[in-house]
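User: Hi! Could you walk me through a structure today?
Analyst: Happy to, here it is.
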Amino acid sequence: MSKEHDVSAIACQFQIDGGFAGATSYGSGHINDSYCITFRQAGIPIRYILQRINHMIFKNPIALMENIQRVTSHLAAKVSGEPDRSRRGLTLIPARDGRAWHVDADGSYWRMYGFIENAHAFDAVESTDQAFQAAKAFGRFQKLLVDLPAPPLHDTIKDFHNTPKRFVALEQAIASDVAGRAIFAEPEIEFAFAHQSIAKALIDASLPERITHNDTKFNNVMLDDVTGQGICVIDLDTVMPGLALHDFGDMVRTATSPANEDEQDLSKVTMQFSMFEALVRGYLASADFLSKAEKQHLVSSGKLMTFEQGIRFLTDYLQGDPYYKVSYGEHNLHRCRTQFKLLESIEQQEERMERLVQSIEQPY
């Protein structure tokens, strides 16, 4: 049986009218399998997104889908009076048994969303306006979820942004050195220990727990094709309780440097102040729920998330690359180096970044 035939059969397990007309692989994600599905309804092609949840990463797919179901329903209610409301959030298509997911004969979990037309996600930031729009969209996403009713959402990945525990994992990887690589990463190991205090920066600040996205890469916001506005936040697998600044910090990490994540020419790695300014202004334009303490730690969050990702790459390298996909032996080490170089660039501009944040008025 062909893969397309499998996808066709699975797609038909969801509550969609019309006939299956085709499927193609979709997106650039590395975790889940995603397809753009087309059904013909009264002769008109209607598109949907079908995804297989990677249960090797997300160990409890039902809890994950319960989170997404609650979050998408809450967001839909919040934007119900807005123009173009159907494009302002993801819409789950229920399975034929009424659940928000379908389990196939192999035990894999699948979900389906309505396709958001006339908008695109981009893998790389092309302008400061795009950075502004993405940050504004993520801030608005957090704001709309501030009053999500109890109970708390499930933790889809435990201790996902617990940086001190990530550092302990690094120490263990260094001590065991199962791949015999520690000798090749001595400068990076030294750098990590010299910056260990960063790991507790947000924990020590006693910031309030929020509902957060936890994967605020630029390509997780869809921008409207005409207006350029951040129209919809996508990829909700890691939405769970956390710190709002983990989201902002990861935006700084992923959107301010023009270099690729595995760039070997470290002279290309730099924190572009203009991009940082666009992120700050966009985020604060919508995230007006932030406390004074949260705003005061915006710059620290960029340092923290860059450091965290750097030690995660370093840990994976020392362990023999069990987590991140690699194309060659030193791939994770090069990824680590770009993060540490970006952290250095942030530190060099830290005072200027702090002055910018303080200059932006925000009500409390």
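User: How many bridges join strand β2 to strand β3?
Analyst: There are 9 bridges between β2 (residues 33–41) and β3 (residues 44–53), and the two run antiparallel. Strands here are DSSP runs of E with at least two residues, numbered from the N terminus, and two strands pair if DSSP finds at least two bridges between them. This is a predicted model, where local features need pLDDT of at least 70, side-chain atom pairs count only at pLDDT 80 or more, and totals for chains, interfaces and linings use all residues. Residues are numbered from 1 along each chain as its sequence is written, and side-chain values use heavy atoms, with hydrogens and water left out.
User: Which strand does β3 pair with over 6 bridges?
Analyst: β5 (residues 109–114), in the antiparallel sense. There, Tyr48 has Gly114 as its bridge partner.
User: New topic: in what order do the 3 strands of the open sheet come?
Analyst: The order is β6-β8-β9, with antiparallel pairing. β6 (119–120) and β9 (230–233) are at the edges with a single partner strand each, so one side of each has no neighbour in the sheet.
User: And how many bridges pair β6 with β8?
Analyst: β6 and β8 (residues 221–224) pair over 2 bridges. Ala119 has Asp224 in β8 as its bridge partner.

Key:
Helices (H or I, at least four residues) and strands (E, at least two) are DSSP runs, numbered from the N terminus.
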